Amino acid sequence: MKTLIAVFFACWQIGAYAQTPDEKYPEDPASAEQPGVPKGEVLKFQFQDSKIFPGTWREYWVYIPAQYNPDKPACVYINQDGLQWNAPTVFDNLIYKKEMPVTIGVFVMHGRVKAANAETALDRFNRSYEYDGLGDAYARFLLEELLPEVEKKKASDGRPIRLSKSANDRAIGGASSGAVCAFTAAWERPDAFSRVFSAIGTYVGLRGAHEYPTLIRKYEPKPIRVYLQDGTNDLNIYAGDWWKANETMERALTFAGYEVNHIWGEGGHNGKHGTAVFPEAMRWLWKDYPKPVAAGKSKNQFLSEILIDNEGWELVGEGYTFTEGTAANAKGEVFFQDIPNSKTYKVDLAGKLNILDTDAKKSSGTCFGPDGKRYVVAGGTKQILNYDQTGKETVIADNQTGNDIVVAKNGNVYITAPNGVSNPSKLYLIRPNGEKVEVDEGLKFANGLTLSPDQTQLYVTESASHWVWVYQIQPDGRLAHKQKFGWLHVRDVDENAWSDGLKCDSDGRIYVTTLSGIQVLDQTGRVNAILPVPKTKGQVSNLCFGGPDFDIMYITCVDKVYRRKVKVKGANTFDTPHKPAAPKL
């Protein structure tokens, strides 16, 4: 047992770079074997069939408590870097005293791609790639590969292993890069993990984790509870200052309304303090169980001004192929397109979903003009069309490719016309008299576009980068003073933000659909908030504000469409332009 419980710190004990004091901590009684406490068992396995991390081999251990009854799926604790913290003994004691629920522990090593000849070549060590990297790959590895594999095993007495699928029943932890890995899994999949133990966490510049404090402050809070441990003599090397990074994480989590606890000491980059506090961390992470871990309320002003407490996303419709082109008419009725199926849908004021009896001609961009007509970019026929309230169709531009469209109060129509990622895109102006003018060329996949509430600025998303561009609209409708404007966050797994549709609210905020969710910019182009969207087959592609008061946000997400009531109201381009309040500079 002692061999199995040996703490695996060798791969991240780089603490030799720092002078650390002699560390001695009082032992929590739960860390020592207690008489009369039933002991669980620890089983050791190997896994080498990963499709997410192909070619990797790894060991893992499964702790099964004596009290486990397969009639009820057990709670789960997952730990990176294998067995640490004297965890089996701690779990024995805490489960016995009902200070944590009956929990199966899965202690997994990082992957290695073994060398063909160990005498002449090193294995490929996958630890930093798996642990330090942001994105959902490791969470998917756990959820889609490792945990299903664990459930194929049995206890030595034949009990089948059944694990709860509820996020509220799952905790995850680790040390150093393993701590970042644990936090990332919960951050990416709060629907799967709700409790995080982080010891000497590597929230520094190795593979992007230094961005977490900023992202935490901007994102709508997630239902995650976090326990942090670190010491003042932790690493301070090329990638950053571990101690200050952990302090910054704690301050960001507190600002964003998370349930966070921490313990700071004077220790270095090792597992001594983490082992000492592990029992108390488990008590705190599982406190009040089975009461669900809830998302907190952020101090982010943008989020407070936009979101309504306890109002989440509501499904409008599903089963589409690819949804786009959200737009609201003057009544607040919302229209959207299912492009491949050439279908147009309408959501009436009662919230009922209807399908229009017309061939949408693979229309994408959609907008309502001041004349009450619905304007679309019909990709199937390479036309710009409009429809009156009777459904009568009019061609306003023939032989015209395009993607998205916006119609100003003065009747000017602007269109984005991308030509792949590598070729320069074009922007077109179609005047009310039908005259077509090319007003810009050069963006990398120009996609969505919209007008500022005063209709003096045109915002355009450049999907193949992380920029939203801005142009000043001249009296003749042409564009001037082109500038990179909105700086968007890019996920670690992507090469660009892939910004798509965008709209403004009446106060001038700019809402941009991206791979990271809906990024909300102020009028100076700074992302102040990020709204995560429900998980679907792909990213959110477009949005609009609808309903009688234009305070319901509708979003298209490939196969599904959602809505959410908000505090703000959309800025309609068919309304009289108005000047919003100046931004805080």
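The largest pocket has a volume of about 1,100 Å³, where a pocket is an open set of points on a 1 Å grid over the protein atoms alone, with protein on both sides within 12 Å along at least five of seven lines, and a volume is the space filled by probe spheres set on the points. This is a predicted model, in which local features need pLDDT of at least 70 and side-chain atom pairs count only at pLDDT 80 or more, while totals for chains, interfaces and linings use all residues. Residues are numbered from 1 along each chain as its sequence is written, and side-chain values use heavy atoms, with hydrogens and water left out.

Lining residues, those with an atom within 4 Å of a point, number 40 in the largest pocket, and E188, K222, S516, P532 and V533 lie nearest its centre. Two or more residues of this lining come from each of the helices α5 (177-188) and α6 (212-218), helices being DSSP runs of H or I with at least four residues and strands runs of E with at least two. By class, the lining of the largest pocket has 17 nonpolar, 10 polar and 13 charged residues, with Ala, Val, Leu, Ile, Met, Phe, Trp, Tyr, Cys and Pro counted as nonpolar, Asp, Glu, Lys and Arg as charged, and the others, Gly among them, as polar.

A cavity, by contrast, is a set of points where a 1.4 Å probe fits but cannot get out, and a search of the whole structure finds 1 cavity of 30 Å³ or more.

The structure holds 0 disulfides, a disulfide being a pair of cysteine sulfur atoms within 2.5 Å. For C367, the nearest cysteine sulfur, that of C544, is 10 Å away. C367 counts as buried at 9% relative accessibility, where buried means under 20% relative accessible area, exposed over 50% and partly exposed in between, with a 1.4 Å probe and protein chains only.

Salt bridges, in which a side-chain nitrogen of Lys or Arg lies within 4 Å of a carboxyl oxygen of Asp or Glu, number 37. One of them joins R509 and E305 at 2.6 Å, N to O. Because R509 lies in the loop between β29 and β30 (510-514) and E305 in helix α9 (residues 301-306), the pair ties together parts that are 204 residues apart in sequence. R509 is buried at 9% relative accessibility, whereas E305 is partly exposed at 27%.
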